[in-house]
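Biologist: I have not looked at this one before. Can you walk me through it?

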Amino acid sequence: MTSEKTRNKFDGSLTIKLPTESVPVSYLSNLLRVVQAALRETASSTDDTLSTMSTNPAPLLFSSFDRHNGITTALMYFGDANDNRLMEEFTKPVVHRFLEGLNEFLNGNAQSSLWGYTVSEQRNSYGKDSDVRYAQVTKVMKKLSPSSLSSDSRCITFTEDGFEAN
């Protein structure tokens, strides 16, 4: 039996909002695969979280879903592989670092369009290895727009033509 805390949102979880109650399985599968890879790579990228990711077994990434008022919401967070216990103190810095990196990627690769909004540049080569993941996340989020990734007060909203971060 999972705890009430595990099933509910907590500060620091990654919230994914999709503008539809019915999501194509192929899209959802691709979205979860890409975001999972990006979060795991982010967790393995710095010394303070790498030690936790190096444990055996490594933390698992969990997701819970909710549909309400035409929106599907997915929460993603890390849990202990042995007892599925929520790892809030681990999840929060990983998610924040992921959103900061994605925001930097989007702003660093953005250009103004003729209509005044920003569009992420489509390139085959990027400056950092993490940029490949950020490009994959951006591509999949734009397919079902307007969609968003958020945690606490940070939010990145994707549209077909651009993004907005706050």
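This is a predicted model: local features need pLDDT of at least 70, side-chain atom pairs count only at pLDDT 80 or more; totals for chains, interfaces and linings use all residues.

Biologist: How many helices and strands does the protein have?

Modeller: There are 5 helices and 8 strands. Starting at the N terminus, the order of elements is α-β-α-α-β-β-α-β-β-α-β-β-β.

Biologist: And what percentage of the residues count as buried?

Modeller: 42% of the 166 residues. The accessible surface is about 9200 Å², and carbon and sulfur atoms hold 48% of that.

Biologist: What share of the contacts comes from residues 24 or more positions apart?

Modeller: Taking contacts with a separation of 6 or more, such residues account for 60%.

Biologist: Now the core. Which residues touch the most other members of the largest nonpolar core?

Modeller: Leu14, Ile16, Leu39, Phe98, Leu102 and Leu149, out of 35 residues in that core. The elements giving two or more residues to this core are β1 (14-18), α2, β3 (71-79), α4, α5 (129-142) and β7 (154-158).

Biologist: Which element gives the largest share?

Modeller: α4, with 8 residues. As a general point, nonpolar side chains in soluble globular proteins tend to be buried together.

Biologist: Pick Ile16. What is Ile16 in contact with, leaving aside neighbours within four places in sequence?

Modeller: Its contacts are Leu31, Val35, Thr72, Thr73, Ala74, Met76, Met141, Ser148 and Leu149.

Biologist: Back to the helices. At what angle do α2 and α4 pack?

Modeller: Helix α2, residues 25-43, meets helix α4, residues 88-108, at about 105°. Their axes are 9 Å apart.

Biologist: Why call that roughly perpendicular?

Modeller: Angles of 65 to 115 degrees count as roughly perpendicular, so α2 and α4 fall under that heading.

Biologist: Which residues make the contact?

Modeller: From α2, Ala38, Leu39, Thr42 and Ala43; from α4, Phe90, Val94, Val95, Arg97 and Phe98. By class, that contact of α2 with α4 has 7 nonpolar, 1 polar and 1 charged residues.

Biologist: Is Phe163 buried or exposed?

Modeller: Buried means under 20% relative accessible area, and Phe163 has 12%, so Phe163 is buried.

Biologist: How many residues apart are Phe163 and Pro146 in sequence, and what is the distance in space?

Modeller: They are 17 residues apart in sequence, and 9.0 Å apart in space from C-alpha to C-alpha.

Key. Residues are numbered from 1 along each chain as its sequence is written. Side-chain values use heavy atoms; hydrogens and water are left out. Axes are lines fitted to C-alpha atoms, for helices over the stretch in contact, and angles run from 0 to 180 degrees between N-to-C directions. Helices (H or I, at least four residues) and strands (E, at least two) are DSSP runs, numbered from the N terminus. Angles under 35 degrees count as roughly parallel, over 145 as roughly antiparallel, 65 to 115 as roughly perpendicular and the rest as oblique. Contact means heavy atoms within 4.5 Å. Ala, Val, Leu, Ile, Met, Phe, Trp, Tyr, Cys and Pro count as nonpolar, Asp, Glu, Lys and Arg as charged, and the others, Gly among them, as polar. Buried means under 20% relative accessible area, exposed over 50%, partly exposed in between (1.4 Å probe, protein chains only). Accessible areas come from the Shrake-Rupley method with a 1.4 Å probe; for residues, only the protein chains shown count as cover. A nonpolar core is a set of buried Ala, Val, Leu, Ile, Met, Phe, Trp, Tyr and Cys residues joined through side-chain atoms within 4.5 Å.
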